[in-house]
Amino acid sequence: MLTSKAAITDGKGNFSIQQINSEDPQGDEVLVQMKAAGICHTDWDSQSWGKPLIMGHEGAGVVKKVGPHVSALKEGDAVILNWAVPCYECFQCQEGNQHLCEVNSAVVAGNGVSGGHARLEASTLNGVPVERAFSLGTMSEYALVRESACVKIVVDIPFPSAAIISCGVMTGYGSVVNVAKVKAGSSVVVLGTGGVGLNVIQGARIAGAAKIIAIDISNGRLEMAKQYGATHTILSSKEDTGLLEAAIQVKVLTERGADYAFECTAIPSLGAAPLAMIRNAGVAVQVSGIEQEIKIDMRLFEWDKVYINPLYGRTRPQLDFKILQELYASGQLLLDNMVTQTYPLDQLGNAFSDMHKGRNAKGVITF
């Protein structure tokens, strides 16, 4: 039995740092000593999911112990943790949609907290089993996970930079490359330049987009967007309903509208905004995971426009995470500077505060 510190939410909007106990791994389980855990708006939202949880779903660390059925990992391996755990055998996995696995997927499990989990009773708080958010619970000194939730680190990369690959980077980059399949020489608009938006921008740059237009209400974020590949910026305002005024500027820059537009704000009222940015037969991608009901003027779809609402950049973790690592090693994927601040676990409250105030491209807990 191993005792470690972890961030625990009560499911009622609160969290605290407490001691948990974890059993040794069994079967295909792996005990990972966490080195870094990314901080995301979803982690904040998990406090309201109605049940106690070990928080966190982005992370990287070192394998401490492995169960008897683990075949591809050994003690001492550095790994990135992935919350979309594929089984490789169900209908969706066979279709190539490993992120939508019907056996292990958090989407099937509901609220992203149960799919592909190691034994629920293996981690306890005061003797009571406590679930790991997104099957990982990365905001803990140790995480007990399935082998299939681990991707080996194969390049020289700091753990904080590796940790953010496992959600925000994959979501942004994958939305460009795997989902929209952005073409070289094309024009791209990115609405919102937080952590995910910046990764859409550099995904578009890596894909060879000729014109990358970043839109935000913060001059500071727009300046940051230029560092990641934005060729043009538009400073918008909260008063620009549906970003229709910004869309006029986009059409001036692109003649007929952009080829692709990506919504990365997570603001429900902007869910339809990318449709206003694209040309006829263009592609709009809703990246940020808006789940609220929204109203859309169907004239925004005219004509032949495509609107896609993908999950997690349509990742194939064992393939895509390695591609991202190689892109980092070659200098094409910028990650180190994206981690603008690190925090000890005891300062998670400060980290959330900085996230809400937009102070960081990405904040990371380090252990």
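Predicted model: local features only at pLDDT ≥ 70, side-chain atom pairs only at ≥ 80, totals over all residues.

**Reading exposure, pairing and fold**

Biologist: With which residue does Lys5 form a salt bridge?

Modeller: Side chains of opposite charge can pair when their charged atoms come close. In this case the partner of Lys5 is Asp346, and the closest N and O atoms are 3.4 Å apart. The pair links distant parts of the chain: Lys5 belongs to strand S1 (residues 2-9), while Asp346 sits in the loop between strand S18 (339-343) and helix H10 (348-356), 341 residues apart. Asp346 has a relative accessible area of 52%, over the 50% limit, and is therefore exposed.

Biologist: How many salt bridges does the count come to?

Modeller: The count comes to 12 salt bridges. One of them joins the side chains of Asp24 and Lys65, at 2.9 Å from N to O. This pair also links distant parts of the chain, 41 residues apart: Asp24 lies in the loop between strand S2 (15-22) and strand S3 (29-38), and Lys65 lies in strand S5 (residues 59-66). Asp24 is partly exposed, with a relative accessible area of 38%. Lys65 is likewise partly exposed, at 38%.

Biologist: Which side chain meets Lys51 in a salt bridge?

Modeller: Lys51 meets Glu131, at 3.6 Å from N to O. Lys51 is in the loop between helix H1 (41-45) and strand S4 (53-54), and Glu131 is in strand S9 (residues 131-132), 80 residues apart, so this pair too links distant parts of the chain. Lys51 counts as partly exposed at 30% relative accessibility. Glu131, at 12%, is under the 20% limit and therefore counts as buried.

Biologist: Which residues are linked in a network of salt bridges?

Modeller: Lys74, Asp77 and Lys152 are linked in this way.

Biologist: Where does Glu121 lie?

Modeller: Glu121 lies in the loop between helix H3 (106-109) and strand S7 (123-125). At 42% relative accessibility, Glu121 counts as partly exposed. Apart from neighbours within four places in sequence, Glu121 is in contact with Glu23 and Pro129. The C-alpha atoms of Glu121 and Asn97, 24 residues apart along the chain, are separated by 29 Å.

Biologist: How many helices and strands are there in the chain?

Modeller: There are 10 helices and 19 strands. The radius of gyration is 20 Å, close to the 21 Å that the globule rule gives for 367 residues, so the chain is as compact as a globular protein of that length. The C-alpha trace spans about 65 × 40 × 35 Å along its principal axes.

Biologist: What percentage of the 367 residues count as buried?

Modeller: In this chain 56% count as buried. Among contacts with a separation of 6 or more, 66% are accounted for by residues 24 or more positions apart. The accessible surface comes to about 15,100 Å², and 49% of this belongs to carbon and sulfur atoms.

Biologist: How far apart are the mean positions of the positive and negative charges?

Modeller: The mean positions of the 30 positive and 36 negative charges are 3 Å apart.

Conventions:
Residues numbered from 1 in each chain as written. Heavy atoms only, no water. Helix = DSSP H or I, 4+ residues; strand = E, 2+ residues; numbered from the N terminus. Rg over C-alpha atoms; globule rule 2.2 N^0.38 Å. Buried < 20%, exposed > 50% of the residue type's maximum accessible area, 1.4 Å probe, protein only. Contact = heavy atoms within 4.5 Å. Areas by Shrake-Rupley, 256 points an atom, 1.4 Å probe, with all protein chains shown as cover. Lys, Arg positive; Asp, Glu negative; His and termini not counted. Charge placed at Lys NZ, Arg CZ, Asp CG, Glu CD. Salt bridge = Lys/Arg side-chain N within 4 Å of Asp/Glu carboxyl O.
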